[in-house]
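Reader: Please walk me through how to read the features of this structure, starting with its sheets and ending with its ligands.

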Amino acid sequence: MTDRILTTRMDAHPADSNVLARYEATGGYAALRTALASKTPEEIAAEVKASNIRGRGGANFPAGVKWGFLPPETRPRYLVVNGDESEPGTFKDRQLLERDPHQLVEGIALSAYALDVRQAFVYIRGEYPRPARRLQRAIDEAYEAGYLGTGILGSGFDLDITVHLGGGAYICGEETALLNSLEGRRGEPRIKPPFPAVEGLYAKPTIVNNVETLSNVPFMINQGGAAYDAIGPEGARGTRLFSLSGHVRNPGNKEIVMGMTWRDLIYGLGGGIPEDRAIKAWIPGGASAPWLLPEHLDEPVTIDDVGRLKTMLGSGAVVVMDETTCVVKAAHRIVRFFAHESCGQCTPCREGGSWLERMLARIESGDGRMMDLDLLLDVSDNISPGLTWPPKMTTICPLGPSATAPVTSIMWHFRNEVEAHITGGGCPL
Amino acid sequence: MTWSQKTDERAQAIIARYPDPRSATMPLLYLAMHEDGHLTEDGMREVAARVGLTPAQVQSVASFYTMYKRDRTGRYLVSVCTSISCMLLGADDVLAAVSEETGVADGDTDEDGLFSVEHAECIGACGGAPAVQVNYELVEGVTPEQGKALCAWLREARPEVVLGDEMQELFGGQRSFEWGPSETAGAVGPFPAFEPYGTAKEGR
Ligand SMILES: Cc1cc2nc3c(=O)[nH]c(=O)nc-3n(C[C@H](O)[C@H](O)[C@H](O)COP(=O)(O)O)c2cc1C
Ligand code: SF4
Ligand code: FES
């Protein structure tokens with residue numbers, strides 16, 4: 001059974017997996033040739049739908065279903081690739097961009113053909129100049145070789161791909177903020193609906209997909225969508241890149257078939273915790289995700305099983321914290337991020353986030369008051385009423401509620417340690 | 001100061017890639033930083049004139065994003081990630097060491113305009129924590145000592161082009177993943193080095 005799709009070429013050919021000659025020598029652009037020579041756009045879209053892949057950008061939405069939302073008549077349509085990758089803990093798209101950019105270019109070309117798109121944009125965070133240069137060089141090579149441009153491979157299909165660098169704002173990863181940013185505006189999320197598939201870039205129908213999502217498309221055309229759908233458990237098909245970091249011996253991106261346990265991932269692939277210290281908690285899917293605890297080590301890593309534990313796989317970023325971690329400091333650091341990255345449109349997010357940040361700062365430094373404990377949950381509840389999972393929203397986008405995830409994680413599971421900061425005037429560890 | 005013909009041609013080529021000139025605002029802001037070393041009022045006027053916005057609109061866009069530096073910025077912008085994964089592995093000490101070696105506090109620039117130092121939120125190098133960028137070129141697995149050595153080297157060697165591979169070899173450690181072949185292009189100022197924006201330069 002296939003257990004890796006995205007990282008095989010870069011592992012086998014570390015010296016040149018990013019260049020066209022290597023890509024072609026290892027089967028690259030065969031899918032595009034086949035598609036343009038003998039398949040209709042509808043047939044290509046059908047393979048992606050059949051794969052049942054769920055988007056890898058964080059929301060886990062089925063790609064084929066999203067593609068189906070495009071209004072049939074309106075043109076032009078745009079394809080926008082989300083390479084903003086800024087969720088703390090996440091570094092998988094960077095590896096795909098740097099080490100196998102042609103895989104993404106072919107995925108974009110196949111998708112554009114399927115969606116009747118002539119112009120695609122790849123929005124890459126501004127702090128990723130190296131990945132952007134690698135992708136740009138691959139795009140230049142692809143134009144040169146006739147895989148992009150006008151009359152691709154002698155067919156009637158035209159496509160331009162433009163790489164666009166961001167300006168250092170996490171919120172631009174949210175798809176409607178990204179589109180505003182790509183229009184030369186402040187990166188403020190739009191109220192949905194309308195969804196981008198109906199009204200996106202310059203109000204035209206636009207599909208936004210993550211770098212990893214589209215990097216899988218060549219496989220789906222070469223092997224068939226059904227072959228992809230045959231990998232992994234139901235609801236979590238295909239392979240997936242997990243970014244493992246924090247207190248682990250072997251950090252890095254791990255491409256796995258979902259369904260293994262957290263223990264397999266953290267202790268098997270991750271090699272366990274340095275000096276065999278005990279694990280305290282881990283973040284299962286980026287800074288926005290509520291934390292999991294040692295009692296969850298034997299739970300399966302799938303989108304739905306993790307959802308059942310009232311958290312999420314999100315962007316696939318797993319951050320491990322061992323027994324030496326001060327949970328107040330960790331939560332403060334994450335809340336600081338969300339407070340800083342709030343775009344400021346919604347009061348609960350703008351004000352609530354910085355309230356939480358200030359309260360955690362004072363508890364961390366030993367200046368907290370007992371009433372801060374309930375206040376933390378109270379402010380969180382104002383941002384996301386009921387503190388349910390998935391969070392109820394009072395804001396335009398999910399960034400607001402994200403700031404409450406670390407707060408509830410420490411208040412519900414480590415309340416004693418938080419309290420000890422107040423009674424002891426600082427960190428007890 | 002108005003833009004040279006070369007910069008103007010580059011701006012026009014960028015604008016032509018988009019459905020509407022307005023989309024070129026962000027790329028052109030990097031061109032403006034490249035012209036002046038940071039983003040100036042003049043630079044924003046040059047951008048506005050080309051993308052069909054008013055200077056006030058361009059300023060409103062620029063002020064939303066952290067990478068458009070509207071204050072004087074050092075030739076070497078040292079960004080130390082202090083987000084969660086790097087913090088867990090000692091990033092606060094790396095930031096302190098960098099500040100000590102350069103004499104520049106978090107968020108400041110020195111008198112000579114050589115260094116700016118800032119703490120950054122996650123820069124996508126968490127598997128190689130703690131991570132540092134110089135002009136957005138990455139170094140992974142940086143200890144406080146190596147952070148100091150990196151800054152001392154920048155001060156003494158004054159590389160014209162900042163190259164990630166060179167810094168990684170000299171001062172880096174654990175990487176998020178193997179980087180593949182080394183890069184010959186790098187950064188010439190506190191903005192991302194990207195060929196289509198004319199902001200990258202061959203370094204070796
Ligand atoms: C605050 C916030 C940040 C996000 N950041 C990213 C990101 O960096 N990259 C990404 O692909 N998706 C990100 N997303 C998800 C996108 O809105 C969108 O769902 C995704 O790009 C769609 O692609 P996919 O279906 O292929 O995953 C973010 C969402 C939110 C709410
Ligand atoms: S929730 Fe926060 S980031 Fe999202 S739109 Fe509202 S203010 Fe902006
Ligand atoms: S937390 Fe520092 S690079 Fe991600």
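Author: Begin with pairing: two strands pair if DSSP finds at least two bridges between them. Helices (H or I, at least four residues) and strands (E, at least two) are DSSP runs, numbered from the N terminus. This is a predicted model, in which local features need pLDDT of at least 70, side-chain atom pairs count only at pLDDT 80 or more, and totals for chains, interfaces and linings use all residues. Residues are numbered from 1 along each chain as its sequence is written, chains are lettered from A and ligands numbered from 1 in the order in which they are written, and side-chain values use heavy atoms, with hydrogens and water left out.

Reader: In what order do the strands of the open sheet of chain B stand?

Author: Strands of a sheet pair through backbone hydrogen bonds, either parallel or antiparallel. In chain B, five strands form an open sheet in the order S2-S3-S1-S4-S5, and the pairing is mixed. Strand S2 (108-109) and strand S5 (137-139) of chain B are the edge strands, and each pairs on one side only.

Reader: How many bridges join S1 to S4 in chain B, and do these strands run parallel or antiparallel?

Author: Strand S1 (residues 76-81) and strand S4 (residues 132-134) of chain B run antiparallel and are joined by three bridges. Within S4(B), B:Val132 is the bridge partner of B:Val80.

Reader: Which strands stand at the edges of the sheet in chain A?

Author: That open sheet has four strands in the order S6-S5-S8-S7 (chain A), again with mixed pairing. Strand S6 (252-257) and strand S7 (279-283) of chain A are at the edges with a single partner strand each, so one side of each has no neighbour in the sheet. From one strand to the next, the twist averages 30°; axes are lines fitted to C-alpha atoms, for helices over the stretch in contact, and angles run from 0 to 180 degrees between N-to-C directions. Strand S5 (residues 239-246) and strand S8 (residues 317-322) of chain A run parallel, with four bridges between them. A:Ser245 has A:Val319 as its bridge partner in S8(A).

Reader: Which helix lies across this sheet?

Author: Contact means heavy atoms within 4.5 Å. Helix H13 (residues 262-269) of chain A lies across S5, S6, S7 and S8 of chain A, at about 110° to S7(A). The loop between H13 and S7 of chain A holds A:Gly271. Not counting residues up to four places away in sequence, A:Gly271 touches A:Arg249, A:Asn250 and A:Ile266.

Reader: Which residues come nearest to ligand 1?

Author: A residue is near a molecule or strand if one of its heavy atoms lies within 4 Å of it. Ligand 1 has 18 residues around it, and A:Gly57, A:Asn82, A:Asn209, A:Asn210 and A:Thr213 come nearest. Strand S4 (residues 206-210) of chain A gives the most to this shell, with three residues.

Reader: How far are oxygen atoms of ligand 1 from side-chain N or O atoms of A:Lys66, A:Asn210 and A:Thr213?

Author: A polar contact is a pair of N or O atoms within 3.5 Å; within protein, one must be able to donate a hydrogen and the other to accept it, and residues adjacent in sequence count only if both atoms are side-chain atoms. For an oxygen atom of ligand 1, the distance is 3.1 Å to A:Lys66, 2.8 Å to A:Asn210 and 2.7 Å to A:Thr213. Ligand 1 taken alone exposes 600 Å², of which the protein buries 90% (accessible areas come from the Shrake-Rupley method with a 1.4 Å probe; for residues, only the protein chains shown count as cover).
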